[in-house]
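Q: I have a protein model to look at, and I would like to learn how to read its features one by one. Could you guide me through it?

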Amino acid sequence: QCFASNRVGATQASTHLTVYVPPNLVVSLPRSAHAFGGNPIVLNCSYSGRPSPRVTWYLNDRKLIPSAEIRIRTKRANDFTDSSLIVSESTHQHTGIYKCEGANEAATVFSRANVTVFVGADVFISTDAAGNLGKSLVIPTQIVGLPRPTVLWSKDQLIFGYNDRRIRILKNGSLEVVSLQLEDAGNYEVAVANSVQ
């Protein structure tokens, strides 16, 4: 409170001073963690600070919003914030960098965890493929799994050798047949496996 006076009169004024304390990480995320597909992921972080920090969760720099599969529990009280992130059933889409960010009027700080979700191998392939004689054809295939699955292609139940110059297995697991010939017609199958199976 401040008082001032002179011969003409007196006056006073007052103000309230608030002291902000930047967030301080009390419980940090683990540097790295892993889960097996279908199992939950649970991450916890805590901050102190004044006012108690707001906590926001991110996966690969995208803000996480609570949903049927993702729950966020946060308690703020007495200059302290405790927060938990729960992914009920993890999939390969939950692999990435998780960030727990604590922020208040004084500063923003964060903790990160690199989370890997190991999932069994699976493959998705278009049902039929057709191509023109003498042209190349790619049979598009989507392969998922972590660790990266081993991919084996076969035609009419015979596995392709890797030394066949006209047949290539691409990095994404798709099969390319260069310069189609009549004898390339048949039933093609792809098999995938990894250590999670």
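Q: Where does Leu17 lie?
A: This is a predicted model, and the strands in it are numbered from the N terminus. Leu17 is found in the loop between strand 2 (10-13) and strand 3 (21-27).

Q: Is Leu17 buried or exposed?
A: Residues count as exposed when their relative accessible area is over 50%, so Leu17, at 70% relative accessibility, counts as exposed. Together with Val19 and Val21, Leu17 makes a nonpolar surface patch of about 290 Å².

Q: Which residues touch the most other members of the largest nonpolar core?
A: The general idea is that, in soluble globular proteins, nonpolar side chains tend to be buried together. Here the largest nonpolar core has 19 residues, of which Ile41, Leu43, Trp57 and Tyr98 touch the most other members. Among the elements that give two or more residues to this core are strand 5 (41-50) and strand 10 (96-103). Leaving aside neighbours within four places in sequence, Tyr98 is in contact with residues including Leu29, Ile41, Leu43 and Val115. A second, separate core has 13 residues, including Val151 and Ile167.

Q: How many aromatic pairs does a search of the whole structure find?
A: The search finds 1 aromatic pair. Phe36 and Phe118 form this pair, which is tilted, with 5.6 Å centre to centre and 40° between the planes. Because Phe36 lies in strand 4 (residues 32-36) and Phe118 in strand 11, the pair ties together parts that are 82 residues apart in sequence. Phe36 is partly exposed, with a relative accessible area of 43%, and Phe118 is partly exposed at 24%.

Terms used. Residues numbered from 1 in each chain as written. Predicted model: local features only at pLDDT ≥ 70, side-chain atom pairs only at ≥ 80, totals over all residues. Heavy atoms only, no water. Patch = residues over 30% accessible without salt bridge, like charges linked within 9 Å, V, L, I, M, F, W, Y side chains within 5 Å. Areas by Shrake-Rupley, 256 points an atom, 1.4 Å probe, with all protein chains shown as cover. Salt bridge = Lys/Arg side-chain N within 4 Å of Asp/Glu carboxyl O. Helix = DSSP H or I, 4+ residues; strand = E, 2+ residues; numbered from the N terminus. Buried < 20%, exposed > 50% of the residue type's maximum accessible area, 1.4 Å probe, protein only. Core = buried A, V, L, I, M, F, W, Y, C linked by side-chain atoms within 4.5 Å. Contact = heavy atoms within 4.5 Å. Phe/Tyr/Trp six-rings, centres within 6.5 Å; stacked < 30°, edge-to-face > 60°.
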